[in-house]
Amino acid sequence: MTENVFLRTMRRLENADRLDPAVRVADRATRRVGVVHAAANLAATLIFLASWAARTRDRHGLGVGLARAGGALLIIGGFLGGYMGRARRP
């Protein structure tokens with residue numbers, strides 16, 4: 001039963017661009033950017049977690065530095081996400 005649901009979902013995704021021109025499957029380059037976007041956001045989240053841990057251990061300077069690095073990664077991830085949104089418009 002799970003296989004049937006999976007196969008039906010995959011067929012719908014494959015045919016989505018033919019059914020609705022607003023829904024397009026991302027090309028290979030956009031998918032690569034998506035992986036980097038996800039990695040940047042995950043790394044930023046982990047860095048913010050490390051910043052929080054450093055601040056709770058009274059290492060305020062380290063926490064601030066880590067938060068700045070996390071913020072820079074979020075900016076990069078945001079730009080990549082914006083690129084992907086623009087690249088997929090018809």
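1. Asp58 is exposed, its relative accessible area being 72%, where exposed stands for over 50%, buried for under 20% and partly exposed for the range in between, computed with a 1.4 Å probe and protein chains only. Asp58 sits in the loop that joins α2 and α3, and its phi is positive, at about 60°, although Asp58 is not a glycine.

2. On provenance, this is a predicted model, in which local features need pLDDT of at least 70 and side-chain atom pairs count only at pLDDT 80 or more, while totals for chains, interfaces and linings use all residues. Residues are numbered from 1 along each chain as its sequence is written, and side-chain values rest on heavy atoms, with hydrogens and water left out.

3. The protein chain contains 3 helices and 0 strands, in the order α-α-α along the sequence; helices (H or I, at least four residues) and strands (E, at least two) are DSSP runs numbered from the N terminus. Of the 90 residues in the protein chain, 16% are buried.

4. Two packed helices are described by the angle between their axes and the distance between the axes. For α2 and helix α3 (residues 60-87), the axes come within 8 Å and cross at roughly 160°, which means that α2 is roughly antiparallel to α3. Here the axes are lines fitted to C-alpha atoms, for helices over the stretch in contact, with angles running from 0 to 180 degrees between N-to-C directions; angles under 35 degrees count as roughly parallel, over 145 as roughly antiparallel, 65 to 115 as roughly perpendicular and the rest as oblique. The crossing of α2 past α3 is left-handed, that is, the near helix is turned anticlockwise from the far one by less than a right angle.

5. Two glycines of helix α3 deserve a remark. Gly77, which belongs to α3, is buried, with a relative accessible area of 0%, and its C-alpha atom is separated by 9.6 Å from that of Val33, 44 residues away along the chain. Gly82, also in α3, counts as partly exposed at 39% relative accessibility; Gly82 and His37 are 45 residues apart in sequence and 9.8 Å apart in space, C-alpha to C-alpha.

6. Trp52, in helix α2 (residues 28-56), counts as exposed because its relative accessibility is 56%. Together with Leu42, Leu46 and Leu49, Trp52 forms a nonpolar surface patch with about 470 Å² of accessible area. Patch members have over 30% relative accessible area and no salt bridge, nonpolar side chains (Val, Leu, Ile, Met, Phe, Trp, Tyr) being joined within 5 Å and like charges within 9 Å; areas are Shrake-Rupley values with a 1.4 Å probe.

Methods:
A salt bridge is a side-chain nitrogen of Lys or Arg within 4 Å of a carboxyl oxygen of Asp or Glu.
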